[in-house]
Amino acid sequence: MKNRINEILEGKRKYFTDIADYIWANPELAYREYKSAKALKDAMVECGFEVTENLAGIETAFKGQFGSGHPVIGFLGEFDALAGLSQESLNAEKCPIVPGAPGHGCGHNAIGTGCLAAAVAMKELMEEYKLPGTVIVYGCPAEEQGCGKSFMTREGVFSELDVALAPHPSDANNIMGVSMLANIQAEFTFYGQAAHAAAMPHMGRSALDAADLMIVGVQFLREHIVQEARIHHAYIDAGGTSPNVVQAQAKLLFYIRAPKGYQVKEIFARVQDVAKGAAIMTGTTWKCEIKSGMTDLLNNDVLGKVSEEAWAEVGETQFSEKAYEVAKLLAPAVGNPEAKDVLDKSVPKYVRIPVAMPGSTDVGDVSYVVPTVMYMYAAETKGTPGHSWQLVAQSGTELMHDGMMHNAKVMALVGMKLMQNPELVKQAKEEFDSYGVEYDCLIPDDVKPEAQAE
Ligand SMILES: [Zn+2]
């Protein structure tokens, strides 16, 4: 099985790496990923998958499906880029292609593409072995800023699945046995009264003062929440650039994170109280709008162990000479001046550790409705920070290709093990059921996805 997967994927290698490179060269922001989505949809049709568009009413959410009946195995493919990270490929100096434009600083150009590659290998093998079952690749927009999968999960898109697989490039190989933080993203807007700041200050009510006081209040709140929680903010609107006008409006965006959704909700309620207090102190009014949210990530030991087995069979990541050249070129720019030990090709074990990594993913929502396994695969020089120009410089190169194709082989083998042994799928479901969790989407029903501003 492993050898056939290798043959199929190596035979189509350029087909897939060209798609990843095309998406890298056309970086698009949340819910505006039209070119990237089209490239993946066209490829799905070409590879014999039935495509459904506009999932959950989102223009850039789609799926490609092959086969029928159970098990139903789904891959979660992403393809969105990050704002302001434009960067030349293979340049170890910061050098944007278009200053201020987006760039693939998280390697998502390889995620949707790698998922498609894995599914194509599975399709061919299901045909060869005449196996029943369904394989679905989902085009999941807006992972970075907008939680596409949370909206899709809320609308029931993934309820058709028996198992979900979610890959992500990284600087190390890992089968995720840890959770990630649940998260609510909300905007707080304060409304005051404009007035001449020197001549008529008593007539003014400063929205900027309210925003500042809210930040101070949240700062004191941080000491009295669970240790693992994280709260951070950005000024979206500081009320203008004239100190001599009392600022009539100001807006803050807060991310509130904690290991579990109920903790996030509790802290969010207290942050709202802080906003209310800031408004009272300043004689302003305020409103709060939730923009998006995601749950924590549930692991599945059955899927983790099957993945460990499959990874061991596929073996270490086979990095080419060119991949090593890329890794060595970028190593000094990420704090490895001697460019030693630049790539992780190890075969990971699945280890469950009951902690939450200090980050969040919208794969979490999917993991609350279907047994899910998440992979991090090495495709970057060691030490590369996420969301960085250094990563953009590597994510459209042979280094990313090698990592992506290796992971596609692992995922295809995991998928085939599950297809050939439905008992494993049953066990994964039993484990999932044993958690007794209920999906509680942190995004209110009336909140819709919003395209990210250019
Ligand atoms: Zn990412």
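Reader: Which residues does Phe-75 touch, not counting residues up to four places away in sequence?

Author: This is a predicted model, and in it Phe-75 touches Cys-115, Ala-118, Ala-119, Met-122, Val-135, Ile-136, Val-137, Tyr-138, Leu-165 and Met-411. Phe-75 is also listed, together with Phe-16, Met-122 and Leu-165, among the residues with the most contacts inside the largest nonpolar core, which has 62 residues. The largest share of this core, twelve residues, is supplied by helix H12, residues 398–420.

Reader: How should I read the side chains of a strand, and which residues of S4 point one way and which the other way?

Author: The general idea is that in a regular strand the side chains alternate between the two faces of the sheet. In S4, Gly-133, Val-135, Val-137 and Gly-139 point one way, whereas Thr-134, Ile-136, Tyr-138 and Cys-140 point the other way, and all are buried. Because eight of the eight residues of strand S4 (residues 133–140) are buried, the strand is largely enclosed by the rest of the structure.

Reader: Which strands are joined to S4, and do they run parallel or antiparallel?

Author: Strand S2 (residues 62–68) is joined to S4 by seven bridges, and these two run antiparallel, with Phe-66 standing opposite Val-135 in S4. S3 is likewise joined to S4 by seven bridges, but that pair runs parallel, and here Gly-74 stands opposite Ile-136 in S4. Between S3 and S4 the chain crosses through H4, in a β-α-β crossover that is right-handed.

Reader: What can be said about H4, and is the helix enclosed or open?

Author: A helix can be checked by comparing its expected span with the distance between its ends: at 1.5 Å a residue, the 18 residues of H4 should span 26 Å, and its end C-alpha atoms are 26 Å apart, which agrees. Since 15 of the 18 residues of H4 are buried, the helix is largely enclosed by the rest of the structure. Just after H4, Lys-130 takes a positive phi of about 50 degrees.

Reader: What are the protein donors of the zinc ion, and where do they lie along the chain?

Author: The donors are Cys-106 through SG, His-108 through NE2 and His-168 through NE2, lying 2.0 to 2.2 Å from the zinc ion, and along the chain they follow the spacing C-x1-H-x59-H. Distant parts of the chain are linked in this way, for His-108 sits in the loop between strand S3 (72–78) and helix H4 (111–128), while His-168 belongs to strand S5 (residues 163–170), 60 residues apart.

Reader: Are these two histidines buried or exposed?

Author: His-108 is buried, with a relative accessible area of 0%, and His-168 is buried as well, with a relative accessible area of 10%.

Note on methods. Residues are numbered from 1 along each chain as its sequence is written. This is a predicted model: local features need pLDDT of at least 70, side-chain atom pairs count only at pLDDT 80 or more; totals for chains, interfaces and linings use all residues. Side-chain values use heavy atoms; hydrogens and water are left out. A nonpolar core is a set of buried Ala, Val, Leu, Ile, Met, Phe, Trp, Tyr and Cys residues joined through side-chain atoms within 4.5 Å. Buried means under 20% relative accessible area, exposed over 50%, partly exposed in between (1.4 Å probe, protein chains only). Helices (H or I, at least four residues) and strands (E, at least two) are DSSP runs, numbered from the N terminus. Contact means heavy atoms within 4.5 Å. Donors are N, O and S atoms within 2.8 Å of the metal (3.2 Å for Na, K and Ca); water is not among the atoms, so sites may look incomplete. Two strands pair if DSSP finds at least two bridges between them. A crossover is right-handed if, with the strands pointing away from the viewer, the path from the first strand over the helix to the second runs clockwise. The expected span of a helix is 1.5 Å times one less than its number of residues.
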